[in-house]
Amino acid sequence: MTGNRDLSTGYGLHPLLYFVLLPATLFFAAVAWSPPFVHSNLVEWHESWQRLLFSRVCHQQLDRTFAVHGIPLAVCSRCIGIYSVLPAALAVFLFFFTVLNRVKPYIVTLFALTSLIVIVDGAANLIRLWQTPDLIRLLTGISWGLASALLLGIALTTHRDS
Amino acid sequence: MEPVESKSYWNASAKAGVVFGFVVFLISTIGSYITINTEPTGNLFSGTMLASALGCLVAIFGGVLAVKFYINEYGPEMKIGQGAVIGLLTGIVMAVVAQVLALIWPVIDSTYIENLQAALIANIEMSQQIPAAQKEDMIDAIYAQFQNYYSFGTILQGFLMGVVTYGLLNVLSGLLSAKFMGRAPQPEL
C-alpha cells in the first residue's frame with residue numbers, strides 16, 4: 001500500500017475525488033460557516049449570497065441554526081454537520097485508504113440507517129410530532145455526512161483504468 | 001467499415017433535467033403558496049421550509065434518472081466520470097427549467113409576487129428573533145428583492161445558484177448511479 005493506491009490489487013481512488021469532490025465539499029463547508037465572519041447583522045445575512053446559495057437545499061430556520069455572535073451560519077444545525085464532516089472524511093480517506101476496505105460490507109446498511117434517522121427525525125420535526133434539540137440534529141447530520149463520505153469513497157474506489 | 005456510434009449525454013440529461021426541473025419548481029411554488037395561505041407566525045421560512053427540505057431530497061434523484069436513461073439508451077457500460085458528467089448536465093438543465101418556470105409563473109398568477117412579498121413581510125413583522133431595529137431594513141430588502149424579480153442580475157444569480165447546488169447534488173447522484181447501476185467498461189484486448 002502506498003499513499004492512496006493499493007499496488008497489490010490495482011485498486012485506487014478515482015481522480016474525481018481529488019479534483020472535484022474534495023474541492024467542492026470544502027467550498028460548500030467554507031461557505032456554510034462563513035456568514036458570521038463576513039456579516040455584522042441579520043439584514044446582511046438575509047441578503048447574503050451564502051444564504052441564497054443554500055436556500056434551495058436547506059430550510060435555514062433561525063431557531064434551528066447555530067449562530068456566532070448573533071449571526072447565523074448559512075445552513076441549519078443538521079446541515080452544518082453534513083457539510084463539515086463530508087470534506088473532512090473524504091480527506092481522511094485519501095490518507096487512510098484501507099479504512100474503506102474494512103468497512104465496505106457495512107457501508108450500504110450504515111448509509112440506509114443514517115438516512116432513515118435523518119428522514120424520520122426531519123419529518124417528525126416538520127409535522128411537529130417532536131422537536132429535536134440542535135445538538136442531536138448536529139449529530140444526525142454528522143453521522144449522515146460520514147456515511148455519505150464512506151459511500152462516495154467506495155463508489156470512487158476503482159481499478160486503474162476504469 | 002461501420003460508423004462509430006457517438007454516445008451523447010445530452011439526451012438522457014435533458015429528459016431527466018426537464019422532469020426534475022419541473023418537480024423542483026412545483027415543490028418550491030407549493031411551498032410559497034403555503035407561506036401565502038398560512039397565518040403569519042413570525043417564522044421567517046414557514047412555507048419554504050417544506051419546499052427546501054423536500055426539494056433537496058427530490059433534486060438528487062435527477063442524476064439517478066439521467067443515468068438510468070443513458071443505460072437504457074446505450075447499455076450499462078460506463079465509467080464513473082461519465083456518470084458525474086451526466087449528473088452535472090442534468091443539474092444545469094434542472095436549473096434552467098426551474099428558473100424559466102419561476103419567471104413564467106408570476107405571469108400566470110399575477111398576484112403571486114405581491115402575495116408572497118406581503119406574507120414574508122408579515123412574518124418578519126411578527127418575528128421575535130429579529131431585533132426591532134433591523135426589521136425595517138429587512139423589510140426594505142425584501143421589497144427591493146421582489147421589485148428586482150425580473151432584473152438581469154436577479155435572474156443570473158438564481159440561475160448560477162441553481163447550477164452550483166443542483167449541479168453538485170447531481171454530480172454525486174450521477175457518479176453513485178454509474179457505480180451501482182452501471183458496469184465498468186471492459187478493456188479491449
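This report describes chain A and its interface with chain B in a predicted model.

## Basis of the model

In this predicted model, local features need pLDDT of at least 70 and side-chain atom pairs count only at pLDDT 80 or more, while totals for chains, interfaces and linings use all residues. Residues are numbered from 1 along each chain as its sequence is written, and chains are lettered from A in the order in which they are written.

## Chain A

Chain A contains eight helices and five strands (DSSP runs of H or I, at least four residues, for helices and of E, at least two, for strands, numbered from the N terminus). Their order from the N terminus is β-β-α-α-α-α-β-β-α-α-α-α-β. The C-alpha trace of chain A spans about 55 × 35 × 25 Å along its principal axes.

Of the 162 residues of chain A, 42% are buried, meaning that 20 or more other C-beta atoms, placed from the backbone, lie within 10 Å of the residue's own.

## Helix α7 of chain A

Helix α7 of chain A covers residues 107–126. At 1.5 Å a residue, its 20 residues should span 28 Å, and this agrees with its end C-alpha atoms, which are 28 Å apart. A:R128, which follows α7(A), has a positive phi near 60 degrees.

## The interface

In all, 31 residues of chain B are in contact with 30 residues of chain A (C-beta atoms, placed from the backbone, within 7 Å). On the side of chain B that touches chain A, the elements giving two or more residues are α2 (46–59), α4 (80–108), α6 (132–147) and α7 (152–181) of chain B. The largest share, ten residues, comes from α7(B).

Technical notes. Contact = placed C-beta atoms within 7 Å. Buried ≥ 20, exposed ≤ 12 C-beta atoms within 10 Å, placed from the backbone. Expected span 1.5 Å × (residues − 1).
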